[in-house]
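Hello,

I am passing this structure on to you. Please open it first, then read the notes below it.

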Amino acid sequence: MENTTPKQIFYPHIVGIDISKMSIDVALINSSSMKCNNGLFSNDSEGFQKMKRWLKQHGNDCGEDILFCMEHTGIYTRNIVKYLLKRGCKVWLESSLHIKRSMGLIRGKSDKIDAERIANFAFDHQRDAKLVKLSHPTLNRLKDLMKTRMRLQKSLHSQQIAVDELTKVDPKAGREIERISRSAISGLKKSLDKVEAKMDELIQIDKHLKTLYELVTSVKSVGKVLAVDLIVYTEGFTRMLDNRKLACYCGVAPFEYSSGTSIFASPGTSSFANKQLKFHLHMCAMNAIKCHKELRGYYLRKTEEGKSKMSALNAVRNKLLHRVVAVVKRGTPYQEKLD
């Protein structure tokens, strides 16, 4: 029998927003009548003001009794989220995959339809809304620098690999390309140095972030790159301050995979993770089993117990994360146990 119990309403109005580079499609649902109104505005301050006036014409304004829901679309959400949060609005950023999977089989697509689907998703799941807080401005700057660093590293790696591969096949041509690429490679290295210096500067001038950074890097084998990643993606450890949740986000939490009596596989990690964090955590774990006596011993014990090398390495990743969370919660640097 179908459950006909009415849904509990927390917000009298729900707004779903589909965001693109130049425009935002808005769907406004009245929670009482379930009537939906649609609007299209430019993705800039002028468009936000027009949206505000449009909402007022339909019986609401940018205030606390209205829930705005939108998908993560990188930098294109930044300005509208900042605009709404400064006016005390409730903003919910949700992954596009979560919204899509919650809808089941769907047909047809347009920005207007997507805005309505986001609004309906927010209405159905408003009890579970994860509200966004106004980001620390330094964290946003660190995130931009972090992404710039990643792009520079990718370009540098691509240039160096191309030269090395050509040199192996044709030494003469390789040396020629190396001479031509030398200034580009040098420029990329200088830009990388400048980005990292700026990241260090931002951390040093912010007392709170400096304290967090020192706590995280006190954990042996956790370097500055992973430390900054963790600080940025946890918003200064104001979210995901839980071992399991952080491990899931980093893609290192093992999950069971079985069904009935015929389908069974060893526990494995999920592919839905922050790939950048997972990679940097992996590199730190690799360094740990080479250079850190205790963690190398832990890794070897796991392999002796019958674990695969990758599974044992994943256990080291989790141990590093657990230690990071512990020192942040405790507020004191990591102290290694003495034999």
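A residue counts as buried when its relative accessible area is under 20%. Arg 149 has a relative accessible area of 10%, so Arg 149 is buried. Keep in mind that this is a predicted model.

Arg 149 sits in helix 5, which covers residues 137-169. What does Arg 149 touch, leaving aside residues up to four places away in sequence? Its partners are Leu 192, Val 195, Glu 196, Met 199 and Val 225.

Now the whole chain. The protein has 339 residues, and 38% of them are buried. It contains twelve helices and seven strands. Take the contacts between residues at least 6 apart in sequence: 61% of these join residues at least 24 apart. The accessible surface is about 20,300 Å². Carbon and sulfur atoms account for 53% of that surface.

Helix 10 spans residues 275-291 and helix 11 spans residues 293-304. Their axes lie 6 Å apart, and the packing angle is about 100°. Angles of 65 to 115 degrees count as roughly perpendicular, and helix 10 and helix 11 are therefore roughly perpendicular to each other. On the helix 10 side, the contact is made by Ala 288, Ile 289 and Cys 291. Helix 11 brings Lys 293, Leu 295, Arg 296 and Tyr 299. By class, five residues in this contact are nonpolar and two are charged. None is polar.

Best wishes

Notes: Residues are numbered from 1 along each chain as its sequence is written. This is a predicted model: local features need pLDDT of at least 70, side-chain atom pairs count only at pLDDT 80 or more; totals for chains, interfaces and linings use all residues. Side-chain values use heavy atoms; hydrogens and water are left out. Helices (H or I, at least four residues) and strands (E, at least two) are DSSP runs, numbered from the N terminus. Buried means under 20% relative accessible area, exposed over 50%, partly exposed in between (1.4 Å probe, protein chains only). Contact means heavy atoms within 4.5 Å. Accessible areas come from the Shrake-Rupley method with a 1.4 Å probe; for residues, only the protein chains shown count as cover. Axes are lines fitted to C-alpha atoms, for helices over the stretch in contact, and angles run from 0 to 180 degrees between N-to-C directions. Angles under 35 degrees count as roughly parallel, over 145 as roughly antiparallel, 65 to 115 as roughly perpendicular and the rest as oblique. Ala, Val, Leu, Ile, Met, Phe, Trp, Tyr, Cys and Pro count as nonpolar, Asp, Glu, Lys and Arg as charged, and the others, Gly among them, as polar.
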